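Colleague: I would like to learn how to read the helices and sheets of a model from its geometry. Please take the features one at a time.

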Amino acid sequence: EIHIKEPIEKEVNPRLLPGELLLCEASTVYKYMQEDGSNRGTYGKLVCTNFKISFLDDDSASDDNEPQFKNKIVGENDITLQCVDQIYGVYDEKKKLLTGQLRKYTEKLIIYSKNLRVFNFCLRYTKEEEVKRIVSGIVHHSQTPKLLKRLFLFSYASAAPNNTDGRNQTVMFETLEDWRDELERTKGNVKYKAVTTNEGYRVSEKLPLYFVVPICISEESILKYEGRGIPIWCWSCHNGAALLKMSAFPKEQDDSTSQMQKAFLDGICKTISKPPYELVKMEDLSSGLPSLQDIQTAYTRFKQLFLIDNSTDFWATDVKWFSLLESTNWLEIIRRVLKKAIEVAECLEMQHTNVLLIEESATDLCCVISSLVQVMMDSYSRTKSGFQSLIQKEWVIGGHSFLDRCNHLHKSEKEEAPVFLLLLNCVWQLVQQYPSAFEFTETYLTVLSDSLYVPIFSTFFFNSQHQRDNNASGESLKTQSGPFRFLTVWDWSVQFDLKAQAFLNNPLYAEKPKPDKSQRKTSRFKHQRQLSLPLTQAKSSTKRGFFREETDHLIKNILGKRIGKFINSSDEPPNSFREFYDSWHSKPVDYHGLLLPRIDGPEIKVWAQRYLRWIPEAQLHGGGTIATAAKILDLMEEVQSLQVKMDEEHSQAVSGGVHSVPMLRNSARLSSLFPFALLQRQSVKPALPTSTWKDLEDEDDLVKRDDEFVDLSGDM
């Protein structure tokens with residue numbers, strides 16, 4: 001039985017962006033509601049453009065049913081072509097992956113997106129020629145390899161007016177002055193200098209135009225091996241210790257070349273170990289952290305837990321949730337990365353030692369660790385503009401291969417790895433453990449992860465600054481007279497209006513003066529589905545125990561046996577990390593000082609808002625942290641109104657950071673996954689064994705009681 005909403009009578013046309021072209025479409029397509037097995041849904045038109053796949057029904061034509069948190073670029077029923085993960089066709093109730101030419105009429109089309117949403121379309125009532133055209137078009141434009149200049153990024157840049165928001169405070173690190181300002185901000189300008197050696201990319205196309213090195217490094221040294229073997233500055237600690245990174249030499253070289261490179265490295269390292277520089281701790285990330293292949297494999301397994309076609313599948317996996325979650329190894333990778341960042345922070349903070357991160361390209365795990373260390377140690381990086389400047393410095397200008405790692409061009413799955421997503425998952429752990437220390441919210445991080453797949457911004461669609469500059473000429477397009485003017489993702493006004501942008505800002509951010517440190521521990525709402533592994537199941541095997549000291553193979557691989565004055569990890573007391581970790585957590589938190597994540601046992605959690613937002617069974621209506629936040633925002637609004645009454649002349653100075661308050665008050669029953677949850681749709685529970693029903697009913701009673709306790713104004 002199918003509950004049919006009648007086909008739309010009026011013509012509904014897609015809203016096209018500048019440069020967006022309609023490629024193919026199909027009418028009388030039936031879109032299922034994903035969350036239950038009742039086959040309920042709605043008729044509409046399925047279209048494919050050079051930017052997105054979009055489903056248009058009669059609700060698309062009106063603004064009456066707009067969500068509270070609306071993206072102006074990507075609508076509720078839109079998927080950008082870069083966001084499509086896998087496409088399946090259903091033939092005689094059997095699901096088959098679609099990758100090439102459509103040879104057979106498909107009854108259903110299932111699209112899995114990279115933001116873990118599942119779209120189910122029934123094509124049984126659509127004309128056969130339209131089915132072949134739309135399915136073939138979608139598969140071709142979203143799955144086949146393409147040229148860089150065929151990305152919608154270039155079509156949009158050539159057609160759209162560039163009305164950038166002048167209020168954007170993000171430091172882009174595209175000029176020499178930006179680097180000098182950062183050196184001055186961190187007091188690193190005494191020992192380090194910004195260099196122009198790579199102007200015209202004469203040193204390396206992978207390096208940025210401008211970067212920072214120790215003052216004692218000569219231009220000849222930088223030029224000798226195309227920037228390899230040169231310590232590049234990332235950040236300076238308040239005590240003068242610095243975080244550096246280095247591109248390692250390829251390990252397989254002939255003997256003479258290898259000897260020359262070893263001698264060069266030895267000389268460089270001796271130079272940067274003399275006063276006024278601190279001792280150098282070498283961190284070879286290839287030996288102490290999982291490989292990119294390990295990260296990709298773990299995430300591929302992990303995301304399968306959330307790509308759920310229907311409600312029955314959800315409840316089937318719920319029985320073995322913990323074992324499935326642990327077997328992915330994704331949370332363990334997050335734990336290991338956070339642990340490594342804490343180890344680096346200990347060297348900088350406690351041992352006053354420079355840390356040199358070494359990786360083959362210094363553009364993957366180097367970016368993750370250096371960014372995490374700065375978020376943990378520099379409160380500026382926990383502000384919104386500071387965090388955006390950090391991403392610009394370490395990732396965009398730093399040369400992370402977004403194009404390859406996100407596989408935007410579908411050229412090689414071997415290069416694909418969710419490295420940037422790994423960073424956001426690690427930062428989210430800190431945000432949910434210490435929310436008051438961050439000026440931005442988890443919603444900000446979720447939206448940022450979604451923006452990876454929105455090709456109107458250049459931020460995440462190039463492998464390097466050189467590649468972006470080289471492809472910005474626009475000579476191949478007749479409509480483009482000058483260079484492309486790409487948008488940056490940091491201008492949030494392109495995607496959201498002011499009310500929606502309020503969800504990105506944390507109204508409870510602890511600005512100076514510091515809050516009462518006794519208010520460190522906050523209560524946690526227990527979700528319907530546990531989002532972390534129980535403590536008893538968190539014991540790692542001896543092969544990957546997260547407190548086991550990793551062997552540092554740096555000297556064998558790069559410097560031979562000549563360690564000179566450098567510190568090796570084996571020289572440190574084996575329990576120094578644990579002492580540092582436990583000592584910090586025994587003291588009150590300084591929200592503007594060093595911040596260490598809790599990594600023991602179930603402290604590492606699943607990022608619920610990102611991974612569960614499309615699954616209604618995981619939502620708690622009227623519950624979750626949003627219920628608490630709504631009450632606090634109500635109180636803040638009341639306090640502010642009283643302040644205005646008490647002192648009218650200061651009314652203009654009252655903070656405007658709580659635009660979301662009236663929206664929250666008008667929402668009768670917010671979901672725990674607000675603002676992404678589709679609130680108007682209720683989940684239908686499948687037939688389950690009596691014992692399971694009883695457990696679920698008991699849990700529902702608890703939820704209802706909690707709902708009464710956190711009662712928000714209004715009714716359903």
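**Helix packing and sheets**

Modeller: Helix H11 passes helix H14 in a right-handed crossing; a crossing is right-handed if the near helix is turned clockwise from the far one by less than a right angle, and left-handed if anticlockwise. This is a predicted model, where local features need pLDDT of at least 70 and side-chain atom pairs count only at pLDDT 80 or more, while totals for chains, interfaces and linings use all residues. Residues are numbered from 1 along each chain as its sequence is written, and side-chain values use heavy atoms, with hydrogens and water left out. Helices (H or I, at least four residues) and strands (E, at least two) are DSSP runs numbered from the N terminus.

Colleague: At what angle do the axes of H11 and H14 cross?

Modeller: Two packed helices are described by the angle between their axes and the distance between the axes. Axes are lines fitted to C-alpha atoms, for helices over the stretch in contact, and angles run from 0 to 180 degrees between N-to-C directions. The axes of H11 (residues 365–377) and H14 (residues 419–433) cross at roughly 20 degrees and come within 10 Å. That makes H11 roughly parallel to H14; angles under 35 degrees count as roughly parallel, over 145 as roughly antiparallel, 65 to 115 as roughly perpendicular and the rest as oblique.

Colleague: Which residues of H11 and H14 meet?

Modeller: Val368, Ser371, Leu372, Val375 and Met376 in H11 meet Val419, Leu423, Cys426, Val427 and Leu430 in H14, where contact means heavy atoms within 4.5 Å.

Colleague: How does H14 pack with helix H15?

Modeller: H14 and H15 (residues 442–450) have axes 10 Å apart at an angle of about 175 degrees. H14 is therefore roughly antiparallel to H15. From H14, Phe420, Leu421, Leu424, Val427, Trp428 and Val431 meet Glu442, Leu445, Leu448 and Ser449 of H15.

Colleague: Now the sheets. In what order do the eight strands lie?

Modeller: Strands of a sheet pair through backbone hydrogen bonds, either parallel or antiparallel. Two strands pair here if DSSP finds at least two bridges between them. The eight strands form an open, antiparallel sheet in the order E4-E3-E2-E1-E8-E7-E5-E6. Strand E4 (78–80) and strand E6 (94–97) are at the edges with a single partner strand each, so one side of each has no neighbour in the sheet. Ignoring direction, neighbouring strands are turned by 30 degrees against each other on average.

Colleague: How many bridges join E1 and E2?

Modeller: Eight bridges, in the antiparallel sense, join E1 (residues 22–32) and E2 (residues 41–49). Cys24 stands opposite Cys48 in E2, and Leu22 stands opposite Thr49. E1 also pairs with E8 (residues 118–122) over two antiparallel bridges, with Cys122 in E8 as the bridge partner of Tyr30.

Colleague: What is the strand order in the sheet of four strands?

Modeller: The order is E11-E12-E14-E13, an open sheet with mixed pairing. Its edge strands, E11 (232–236) and E13 (280–284), each pair on one side only. The twist averages 25 degrees from one strand to the next. E13 and E14 (residues 354–359) run parallel and are joined by five bridges, and Val280 stands opposite Asn354 in E14.
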